[in-house]
Amino acid sequence: MADLRASVPEYDKEDGEYKVKVICLGDSAVGKSKLVERFLMDGYQPQQLSTYALTLFRYQTEVGGKDVCVDFWDTAGQERFNNMHPSYYYQAHCCILVFDVTRKVTYKNLPNWFKELRQYRPEIPCLVCANKIDDVDYKVTQKSFNFAKKHQLPFYFVSASDGTNVVKMFREAIQSAVGYKENTTDFTDLVMRELENLDDLSLSNDVDSGVDTAGNSAETHTDEADEEQAEGATGTT
Amino acid sequence: MSRQYSLRKCGIRFDPPALFVTYTDKSAGKTRCRTMPIRNFTKTSTVTRFVEDFRKNPRHKKYLEDVPKSQLEKLLRLLQDNLRGMSLDQSLNEIRKEYSIDPNEDLNKVDEETLRKKKTAMEDSFEKNRKKPGDPDFEYEVERDFQPVETCEWDSGDSGSDADF
């Protein structure tokens, strides 16, 4: 349990490195991993957190003159259990919602994914992308898909196979993630950020009892989160 | 098969078991056939392992690299079904079903082996249109604007379940 805290990145801590977390969501075999791989090509360092049934791709870039470290979270097949573990959504700054234009059911399942996303992250930017357009001779790009319009989400026709719009879509996802992190008004985010900073304070300084209490409560909160994640990951509960 | 050879077809023989590849040797302008014996393959062998072994085999590799992985899997399955005493028709039917994609089938709900087969079939079309570094027309950033002119038929009808989201 102790090393879980070390291995799972924190995204709201202000410890010098500016980090954002972008998650991919959607049905099995819609091409989520293929899209991330196409964007990163060889310049990525995949990190398999096996206890968590997820894959992390780390990417360094610059947004508005600032160095940003982006972690793309990929489900590693977790979607087969129909819903994702809460830790997948935890602290995410942006979501890429993917469906497969060759399979209607993956489009019809978008509302379920979106609903689950909104339960955990009510306000983060979410992009919708229609993958595998090369597979149907691009004919599908003449059609408009109402799901994105209805929820006012940016929409992209992409192909992980020939690369169409993949880079554009990911760049915009990263920008939205940074934009969200800068301007979040989400209550949970603000509370988490306060707690993280208090946590740092109590560890690094001698503080009076008042702050110390707050520090302890932050500590407790984190431990609880870890426990919860560990249980889900091993699947023993 | 790169420059020297171009693949024409790939098939299987049941007895004695062997894979066949017919290809054109461009430099000689001739069509040739290569036979690759399948050894120690039984009713209970793991098809995917044999496919991997063939694709990695230093002597066979260059003849098989243009053959879709799913085709090799299907051919070995035919052989295995034959060893199990299944009729060719029945075997072909089952294999076709297992490797075809039903746009309405929810793949979140199928078992791992079923999902693996569907993904193998999808991998073929992924590779078919793929542009990768090294290809003459590869570009990292590919941008295209699309202007939809009609509504997708997937949006019509059963919107009842979609009330809130």
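**A cavity, a pocket and an interface**

The lining of the largest cavity divides into 1 nonpolar, 3 polar and 5 charged residues (nonpolar: Ala, Val, Leu, Ile, Met, Phe, Trp, Tyr, Cys and Pro; charged: Asp, Glu, Lys and Arg; polar: the others, Gly among them). This is a predicted model, where local features need pLDDT of at least 70, side-chain atom pairs count only at pLDDT 80 or more, and totals for chains, interfaces and linings use all residues. Residues are numbered from 1 along each chain as its sequence is written, chains are lettered from A and ligands numbered from 1 in written order, and side-chain values use heavy atoms, without hydrogens and water.

Stay with the cavity. The count is 1 cavity of 30 Å³ or more (on a 1 Å grid over the protein atoms alone, a set of points where a 1.4 Å probe fits but cannot get out; lining residues have an atom within 4 Å of a point). The volume of the largest cavity is about 40 Å³ (the space filled by probe spheres set on points joined across faces, edges and corners). Which residues line the largest cavity? They are Asp12(A), Gln91(A), His93(A), Arg121(A), Tyr180(A), Lys181(A), Thr184(A), Asp189(A) and Arg193(A). Helix H7 (166–183) and helix H8 (187–204) of chain A are the elements that give two or more residues to this lining (helices are DSSP runs of H or I with at least four residues, strands are E runs of at least two, numbered from the N terminus).

Now turn to the largest pocket. About 600 Å³ of space lies in it (a pocket is an open set with protein on both sides within 12 Å along at least five of seven lines). The largest pocket is lined by 30 residues, and the closest to its centre are Ala29(A), Gly31(A), Lys34(A), Lys119(B) and Glu123(B). Both chains take part: helix H2 (32–40) of chain A and helix H5 (112–128) of chain B each supply at least two lining residues. The largest share, 7 residues, comes from H5(B). By class, the pocket lining has 9 nonpolar, 9 polar and 12 charged residues.

Lys34(A) and Glu123(B) meet in a salt bridge, at 3.2 Å from N to O (the rule is a side-chain nitrogen of Lys or Arg within 4 Å of a carboxyl oxygen of Asp or Glu). This pair crosses between chains, from helix H2 of chain A to helix H5 of chain B. Side chains of opposite charge can pair when their charged atoms come close.

Look next at the whole interface. Here 41 residues of chain B are in contact with 49 residues of chain A (heavy atoms within 4.5 Å). The area buried between the two chains is about 4100 Å², and carbon and sulfur atoms give 53% of that (the accessible area, 1.4 Å probe, lost by both parts on being put together, summed). How many salt bridges lie between chain B and chain A? The count is 4, while the count over all chains is 23. Another named pair is Arg171(A) with Glu141(B), where the closest N and O atoms are 2.9 Å apart.

Finish with the backbone. The peptide bond from Asp15(B) to Pro16(B) is cis, with omega near -10°. Pro16(B) sits in the loop between strand E1 (5–13) and strand E2 (18–25) of chain B. In chain A, look at Gln152(A). Phi of Gln152(A) is near 55°, a positive value in a residue other than glycine. Gln152(A) lies in the loop between helix H6 (146–150) and strand E8 (155–157) of chain A.
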